[in-house]
Amino acid sequence: MEPHPTGAVRPLPRDALPCATVELARFLLGRMVARALPDGVVSGRIVETEAYLTGDAASHAFRGMTARNRSMFRTRGHAYVYLAYGASFMLNVSSEGEGVGEAVLIRALEPVGGVVLMQRHRGTAKLRDLTRGPGRLAQALRIDRALDGLDLCAAGPLWLGDDGGAGAGEIGISTRIGITRDAERPLRFFLRGNPFVSGPAALNR
DNA sequence: AGTGCGATTGACT
DNA sequence: GTCAATCGCACTA
């Protein structure tokens, strides 16, 4: 199917999302994230994800539910947004059922719609610097803690979508980036060869 | 109440 | 390639 001519991003209904976290992380590759703002809609294609699982020492939910991570425990398709290193917001999609603390981190997008807006938000014109990395894409889409807990399966300020474009392509797998505990698990997924994937080249093969 | 530490980024050598 | 900024949060006492 061709991308919709107007660039519209149809929301993905919840029952289209795989329940299992690793399956969801792979499923989301090639799908869209769309953000509605007063000046227009900004969107990008997901090219890199990571899974955070139950019993995973790298996960924020490892020690149970807290005020920060409670959105991870919602049923699949809800936003878990948190601030990392005091400066960068991270967008996750909750997975599994209500009460299970698992999620998929969106690590990189390929810019699709509203590039001029993204350039303004990021303070750079360079396409490759707009949404390569979880903190960068959050800034490009103006995602912050106010969106934590949002349902991403319906049109609203932020949603997951399918524009009918780009089939996923070949999926690469590696260890996750920037963690120290449970660092050897192959839970990072990316579209091989896509220039908007973050991380060191050695992990992108 | 105090402390240590990040699911990162951008500036710099 | 190296490295410091920055602050909310979870943990200790």
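Is Ser 43 buried or exposed? Ser 43 is buried, with a relative accessible area of 4%; buried denotes under 20% relative accessible area, exposed over 50% and partly exposed in between, computed with a 1.4 Å probe on protein chains only.

The model is predicted: local features need pLDDT of at least 70, side-chain atom pairs count only at pLDDT 80 or more, and totals for chains, interfaces and linings use all residues. Residues are numbered from 1 along each chain as its sequence is written, chains are lettered from A and ligands numbered from 1 in the order in which they are written, and side-chain values use heavy atoms, with hydrogens and water left out.

**Figure 1. Overall fold of chain A.** Chain A contains three helices and nine strands, in the order β-α-β-β-β-β-β-α-α-β-β-β from the N terminus. Its radius of gyration is 16 Å, close to the 17 Å given by the globule rule for 205 residues, so chain A is as compact as a globular protein of that length. The radius is taken over C-alpha atoms, and the rule is 2.2 Å times the number of residues to the power 0.38. Helices (H or I, at least four residues) and strands (E, at least two) are DSSP runs, numbered from the N terminus. The C-alpha trace spans about 45 × 35 × 35 Å along its principal axes. Of the 205 residues in chain A, 52% are buried.

**Figure 2. Surroundings of Ser 43.** Ser 43 belongs to strand β3, residues 40-52. Leaving aside residues up to four places away in sequence, Ser 43 is in contact (heavy atoms within 4.5 Å) with Val 9, Met 32, Val 33, Ala 34, Pro 111, Val 112, Gly 113 and Met 118.

**Figure 3. Protein residues around DNA strand C.** Arg 63, Thr 66, Arg 68, Leu 83, Tyr 85, Gly 86 and Arg 145 surround DNA strand C; a residue is near a strand if one of its heavy atoms lies within 4 Å of it. Of the atoms of DNA strand C that come within 4 Å of the protein, 81% belong to sugar and phosphate. The surface near DNA strand C comprises three charged, two polar and two nonpolar residues. Here Ala, Val, Leu, Ile, Met, Phe, Trp, Tyr, Cys and Pro count as nonpolar, Asp, Glu, Lys and Arg as charged, and the others, Gly among them, as polar.

**Figure 4. Atom pairs between the protein and DNA strand C.** A side-chain N or O atom of Arg 63 is 3.2 Å from a phosphate oxygen of DNA strand C. For Thr 66, a polar side-chain atom lies 2.5 Å from a phosphate oxygen of DNA strand C. Tyr 85 places a backbone N or O atom 2.6 Å from a base oxygen of DNA strand C.

Definitions and conventions
Polar contact = N/O pair within 3.5 Å; in protein donor to acceptor, adjacent residues only side chain to side chain.
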